[in-house]
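Keep the model in view as you read.

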Amino acid sequence: MQDIVKRIIEIEKEQAYRQGADNLSKYNTGEKIHLKQLAFHKCKKKNRWVFGGNRSGKTECGAVETVYMARGVHPFRENKDNVFGWVVSLSQQVQRDVAQLKILHYLNPSWIEDVTMLSGKRTA
């Protein structure tokens, strides 16, 4: 019986991970974070930069920083109201396929109030 309960808990965790509900907390607990990413998040300077080679975690770090700032839940900086910002990419396709995908990976769908695209707002 305990094996069944353990398996159900594992399945529920897996489903939450796939739905993006727990991805930010997984990053926060260090399962995915590199020491240099952590140093970036902790840095108190106004202008911060992330440099690295291919697959070194630059986009991951930027996506998490974007979610921290937009939601006002940054663990290492003073959180402010009415935050706005830009996410800049080489092209619209890179924006959609890379940056947007990573940011949405760390956003729980219940946190998204409204979506605006080039063609206007998406209605439910």
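In α4, the residues E60, C61, A63, V64, E65, V67 and Y68 are buried, meaning under 20% relative accessible area with a 1.4 Å probe and protein chains only (over 50% is exposed, in between partly exposed). Helices here are DSSP runs of H or I with at least four residues, strands are E runs of at least two, and both are numbered from the N terminus. This is a predicted model, in which local features need pLDDT of at least 70 and side-chain atom pairs count only at pLDDT 80 or more, while totals for chains, interfaces and linings use all residues. Residues are numbered from 1 along each chain as its sequence is written, and side-chain values use heavy atoms, without hydrogens and water.

What covers those buried residues? Among the elements over α4 are α2 (23–28), α3 (35–42) and α5 (92–105); contact means heavy atoms within 4.5 Å.

Look next at α4 with α5. Their axes, lines fitted to C-alpha atoms over the stretch in contact, with angles from 0 to 180 degrees between N-to-C directions, come within 9 Å and cross at roughly 55 degrees. The contact is made by T59, E60, A63, T66 and V67 of α4 and by V98, K102, I103 and H105 of α5.

Just after α4, G72 takes a positive phi of about 70 degrees. Follow the chain past α5 and you find Y106, in the loop between α5 and β1 (116–117). Y106 counts as buried because its relative accessibility is 0%. The C-alpha atoms of Y106 and K26 are 9.5 Å apart, although 80 residues separate them along the chain.
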